[in-house]
Amino acid sequence: MVNRVLIRIKVVQLLYSYFLSYKEFKVESPAENPSRDKKYGYELYMDLLLMILELSGIRVHDTERRLSPIHGLALNKHIHQNQLAKSLNSLTELREIIVKNRADLSDFDSVIPSIYEAISTLPAFKTYSRIKKPELKDDVSLWLSIFQNLIVKNPAFMAAARKNPRFTLAGFTRGTQAIERTLSEYGDNRSLLIQARNSLDYALDKAYELYLSLLALPIHICRAEELRLDNARHKFLPTDADLNPDMRFVESPFVKALTRNPEIAEFLESGKLSWDADDDLVSSLLQSITSSEIYTNYMANPGEHTLAEDAEFWRQLFRNIIISSDALDEALESKSVYWNDDLHVIGTFVLKTIRKFGTSQADGEDIAILPQFKDDEDRNFGPDLFMSAIKHYGEYKEMIDSFVNTTRWDSDRLAFMDIVIMITAVTELLNYPAIPIAVTLNEYIEIANAYSTPRSGAFINGILFSVINHLKEEGKLLKN
């Protein structure tokens with residue numbers, strides 16, 4: 001029942017929330033009304049952050065104007081494109097410096113090669129190089145050792161720093177201390193990742209709960225009408241209509257079939273949700289139903305209604321009155337932050353389920369409520385897509401950025417939701433060979449149209465089209 005359309009929406013929403021909160025490293029802000037020492041200290045601090053990128057083989061300047069000082073040196077595969085450098089490279093503060101070509105490490109060109117070559121002599125590096133799959137915390141430990149042993153105490157590095165006319169010794173100390181603080185105080189976001197991953201499961205569980213809750217709603221509406229009719233019978237001066245009401249709505253064959261359904265009965269008994277406490281909502285829906293043309297035509301039709309006729313009646317009520325009700329919208333908002341976004345998709349499954357009841361040959365006894373997931377593959381689709389998008393975030397974002405037309409768009413100023421949508425789409429393209437390319441494209445363009453800016457759909461379509469062609473040319477995408 002929780003189909004891949006809804007799963008994709010949930011994955012994008014929770015990735016967006018996760019990446020907004022996620023930041024291993026926090027760049028310190030410049031001081032207000034800074035002294036000369038503080039000014040230079042902050043300048044050196046930013047240079048040192050950029051130096052980590054340069055030593056890791058990540059471009060920090062226009063290579064047509066200046067080659068990296070480590071160009072031509074033997075590649076140190078252990079620190080090349082390491083996780084710490086990739087994480088720093090994703091920080092807005094550093095990306096702005098790089099994109100706007102404000103990075104200038106030329107004062108350190110003479111010392112960077114010797115630092116790079118000396119890294120492999122450190123005891124910390126030898127320990128690091130034996131780790132099969134280094135984690136971020138391992139990178140942090142290594143780089144702290146690099147700074148403490150090869151930079152802060154390096155006379156050649158000090159001499160290079162003095163080339164800056166704004167150099168002060170106190171500022172030098174402030175800058176090196178700031179870089180050590182940034183590395184030492186990193187957060188690896190394990191708890192944030194666990195929370196986000198659990199939130200995805202919870203959101204999908206709540207979507208299924210909404211499906212069952214909506215199917216249970218006709219039972220409560222009919223009970224409310226039955227109570228109203230009973231009260232009318234016992235009023236002081238009942239009319240003939242009060243004493244002999246038309247009970248066909250209350251005795252709905254479809255609602256009786258729902259009441260007998262074991263899945264619905266179990267859900268109601270679980271106490272997860274009961275519309276009993278929502279008298280105002282149920283009364284509002286009942287009033288809208290009984291005053292509608294759908295109800296009038298239904299009750300004007302003589303004789304007992306078949307289950308097929310009754311199911312079609314309720315399908316029309318859901319499609320035209322219940323799902324679009326403002327009262328229902330408000331009630332759902334108060335019960336779950338997820339449900340208003342889910343209502344449109346879940347509503348389609350409710351309509352399909354009602355139609356199934358109309359085809360029953362055994363008063364609904366042969367109709368089963370849709371399961372939460374079609375199969376284990378669908379059950380695992382969301383979590384796997386979510387975790388893979390996180391794992392490859394930096395790699396896929398770099399690929400996407402390379403296809404952004406910088407004469408029209410600044411890749412660092414794109415709507416962040418667009419970035420998340422495209423990363424999720426690329427993740428699906430590369431990791432799910434059975435899903436056709438057109439399906440993936442259409443689904444994520446629809447998500448962009450619904451959840452991002454008015455121009456996002458067309459923009460994302462263009463970027464993903466370029467990414468797909470690139471991946472095909474490289475032999476990484478083989479499906480059609």
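Good morning. A residue is called buried when its relative accessible area is under 20%. With that cut-off in hand, I turn to the structure above, which is a predicted model.

Let me begin with Glu428. Its relative accessible area is 0%, and Glu428 is therefore buried. The side chain of Glu428 meets that of Arg8 in a salt bridge, with 2.9 Å from N to O. This pair links distant parts of the chain, 420 residues apart: Glu428 belongs to helix α21 (residues 416-431) and Arg8 to helix α1 (residues 4-21). Arg8 is buried as well, at a relative accessible area of 3%.

Helix α1 also holds Lys10. The side chain of Lys10 forms a salt bridge with that of Asp342, at 2.6 Å from N to O. Because Asp342 sits in helix α18 (residues 339-358), the pair ties together parts that are 332 residues apart in sequence. Lys10 is buried, with a relative accessible area of 1%, and Asp342 is buried at 1% relative accessibility.

How many salt bridges does a search of the whole structure find? The search finds 17. One of them joins Glu474 and Lys476, whose closest N and O atoms are 3.1 Å apart. Here Glu474 is partly exposed, at 44% relative accessibility, while Lys476 is exposed at 51%.

Finally, I come to the surface. Asp326, Asp329, Glu330 and Glu333 gather there in a patch of negative charge. Asp326 lies in helix α17 (residues 326-335), and this residue is exposed, with a relative accessible area of 61%. Thank you.

Notes. Residues are numbered from 1 along each chain as its sequence is written. This is a predicted model: local features need pLDDT of at least 70, side-chain atom pairs count only at pLDDT 80 or more; totals for chains, interfaces and linings use all residues. Side-chain values use heavy atoms; hydrogens and water are left out. Patches are made of residues with over 30% relative accessible area and no salt bridge: like charges are joined within 9 Å, nonpolar side chains (Val, Leu, Ile, Met, Phe, Trp, Tyr) within 5 Å. Accessible areas come from the Shrake-Rupley method with a 1.4 Å probe; for residues, only the protein chains shown count as cover. A salt bridge is a side-chain nitrogen of Lys or Arg within 4 Å of a carboxyl oxygen of Asp or Glu. Lys and Arg count as positive and Asp and Glu as negative; His and the chain ends are not counted. The place of a charge is taken as NZ of Lys, CZ of Arg, CG of Asp or CD of Glu. Helices (H or I, at least four residues) and strands (E, at least two) are DSSP runs, numbered from the N terminus. Buried means under 20% relative accessible area, exposed over 50%, partly exposed in between (1.4 Å probe, protein chains only).
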